[in-house]
Amino acid sequence: MKKIFLIITFSTAVSIYILVGIFNYYIDPFSVFGNNKIGVHFSSEREYKMSGAIGYSHDSILLGSSKVANINPSQIKDVKVFNAAFSAATPEEMYFFINEFVKKNEIVFLGLDFYMFNEFSFPLKNKEEMQFLNKSFYFLLYKYAFSLNLLKLSLRGLRRHLTNQPVSIFPNGQRNTSKDDTLDLESRDENYDRILDKLKEINFNKYKFSYSRLEYLKKIKMLSEERGFRLVVFLNPLHPEVLNLVKSEDLLTFFELFLNESKKIFPNLADFTQGKYSKREYFYKHDPYHYKPEIGARMIQDLVLQKN
Amino acid sequence: MLFCSYEFIFLFFPIVLIGFYLLKKTNHPQWSLAWLVVASFFFYGYWKWSFLGLFAFSCLANYGLAVIGTKAIRHSIRTFVFLVALAFNLAVIFYFKYSFFALTNINAIFNLSIQFDKLILPLGISFYTFQQIAYQVDVYRERRCERSLLRYLLFVSFFPQLIAGPIVHHKEVLPQFNFSKLKSIEIDDCIQGLAFFSIGLFKKVVLADNVAHFSTPLFSAALHGESLAFMEAWLAVLSYTFQIYFDFSGYSDMAIGLGKFFGITLPVNFYSPYKAHNVIEFWRRWHITLSIFLRDYLYIPLGGSRRGKVRRYFNLMITMLLGGLWHGASWNFVFWGILHGFYLVVNHLYKYVRKKFNLNELFFIKILSPTATFLCVIMAWVLFRAETFESAMSIYRSLVMVKFDSPIFSFQHLGPFSSASEGGAWVFVCAFICFVLPNSYEFIMRQRLFDRGHSGRVIFKTTLLYALLIGIILGLGILSLSTTGEFIYFQF
């Protein structure tokens, strides 16, 4: 009986292990293996964007924060873009991404934001924290499939698919903004001040300018020269009231530092922080931080035309 | 190398186990011990090869000094050798663990600016140094030492207990490194080993690591000067209370389980500490091997309870203060030790008064004492976990809602990927396991160390049901390896 006990114990453990692995492989909630048939239901963009960059055919990549992640790349003509932007992206993450996934002759549209240089609210990350970027990628794929956490997401994804809930990210990398569009219709102007206060609290209450991140921008530039891909850098448009906020007394020095240093590194940088894409009506009413996806697509299209 | 890593479970351990059993069957069974020593040194070096030399030197120096001390005829020479051994061990641990802390404080007190970089703490240094100090003390007292270098090296380096305990006493394990005993390893040992390892792995990678998702961001927010809401603070301390228990007791279970595969019984280190009815009992259930070490090699040599009440309480405070400092070079650990010392003094005073005036324990005190003990323990964990004294105080303020204008049910510091309800559910599951289910030792070994607080009906048997249960636990544990973190006690 004792030998049988050991055999049953090991067989049970191995069976569970293999069954979960097979289930995760076929559901593939982040489309890492390219088997995903139910759509990506999760906002874990970092993971998906990295696998998507491999699986989705493209010649250009959009990188930046959630503002850029809202842009529908299929609306941009003359180039085949994959939207690899993700929320709260930071320069070091974008550098690691570019280093791993961008090839010669590709075009990288890189959207920068002021918040990205606040090391207090967004502590500096190292490469180890971004496990999908690790060199031992295939070993990690194996870790991905045989994972209890992923089983939880596979089951949740399957349930969302069966109950016809919308996906979070489209195959071209664009975030599903239908929820934002609905919210926008219901929004009222008087909520603006409260939203701006919240925004300030999250992103700018304490600001520590990150010089290390400027170094990462320089590294991105060097990489583009070494590897031979084109880099089109722009500063995201700011809603007039958000612009006033970042130009307030306690932030102005840092904001100017951000503008000047970015322009030093990228002399051809397109500064959209104010100007034709920064009109009040181009932003969501319930969220003046994010411009609407169609504005973003127009802006990138402009950059494509300038490039040509 | 972590026990809960792919390389350990799928490569290192199977290779070591197969090698051990093959060598055990040869005409030279001592090779199996040598094989374990080599494997243990490899296990240690895998973390950082540069510290392997220090570890080997520490083992050889202690072995050599013990042999020299035992052979010495004159008492004064014996004493001298013992003092050299003690000074050597204390100097090594002081240099690596406490020098930076000491110099920082000296700089602050005397307004100096002595430059000294913080050193990397060699893995498991507190554990293997304490084991060897205990060994040296007993060698000096008893004039007997281990003659076989191989057995001595295995006693210190045996990989299941090497880097995070249990702190094994030489009298417990050295007799087990015996060829005739090794020959008679039975399948029962392997079954028990597998059960211990599976439960330990589950505790660490499923329970501790999941509940950590709720304590880590909240303590981190407090560290960055954020003020936690009332419920956030409670979620933080309860999560950490269960995290540290499942993390460390999980490691100890895995160590005991691994030892069993080689026919070695390591001492029990945790015995449902949160079921304790008072703080004295808590320390008989929590990190038992450290408590025994502190009692035998610090508290009793200081005089223990033999020199009057006041001296006894003083000795208790000193023992707990140094026990706190053993965990790390920081004032928070010192205060944590002092707080536990204070709890113990109060507990002993209460016992003394009851005995002196022949008072019966009041019913409501009997009922409330486990809850009160648990509350005292979790309050102390705040000091243990918070990285600065200020952040600990901020959490205490939030726990008692000193700021009446702050929100009660806000969970804004949890971050976007965790929900308070999920955190609550994990805390509930952990509490159920801690307070209702038997601990792994009761469950597997069917032995009771305390009369109360056991759940005697659930015991391990070699039946189909338990085979499936252990298999499921093991399977879930291995499936969680991909997201596991380091053990908390590695840093000590």
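This report describes interfaces, a helix pair and salt bridges in a predicted model.

Residues are numbered from 1 along each chain as its sequence is written, and chains are lettered from A and ligands numbered from 1 in the order in which they are written. Local features need pLDDT of at least 70, side-chain atom pairs count only at pLDDT 80 or more, and totals for chains, interfaces and linings use all residues, while side-chain values use heavy atoms, with hydrogens and water left out.

**Interfaces**

Chain B consists of domain 1 (6-185) and domain 2 (189-486), with bounds from an automatic or database domain assignment. The C-alpha centres of these two domains are 27 Å apart. Contact (heavy atoms within 4.5 Å) involves 40 residues of domain 1 of chain B and 34 residues of domain 2 of chain B. Between chains, 31 residues of chain B and 25 residues of chain A take part.

The table gives buried area, the accessible area (1.4 Å probe) that two parts lose on being put together, summed over both.

| Interface | Buried area | Share on carbon and sulfur atoms |
|---|---|---|
| Domain 1 of chain B and domain 2 of chain B | about 3200 Å² | 74% |
| Chain B and chain A | about 2500 Å² | 72% |

Of the area that chain B buries against chain A, 24% comes from Tyr6(B), Ile187(B) and Leu479(B), more than from any other three residues.

**Salt bridges**

A salt bridge is a side-chain nitrogen of Lys or Arg within 4 Å of a carboxyl oxygen of Asp or Glu. Lys2(A) and Asp188(B) form a salt bridge through their side chains, at 3.0 Å from N to O.

Over all chains the structure holds 21 salt bridges. One of them joins Arg213(A) to Glu92(A), with the closest N and O atoms 2.8 Å apart. Arg213(A) lies in helix α9 (residues 211-227) of chain A and Glu92(A) in helix α4 (residues 91-101) of chain A, so this pair ties together parts 121 residues apart in sequence. Helices are DSSP runs (H or I, at least four residues), numbered from the N terminus.

**A helix pair in chain B**

The axes of α10(B) (residues 187-223) and α18(B) (residues 420-435) come within 9 Å and cross at roughly 145 degrees. Axes are lines fitted to C-alpha atoms over the stretch in contact, and angles run from 0 to 180 degrees between N-to-C directions.

Conventions: Helices (H or I, at least four residues) and strands (E, at least two) are DSSP runs, numbered from the N terminus.
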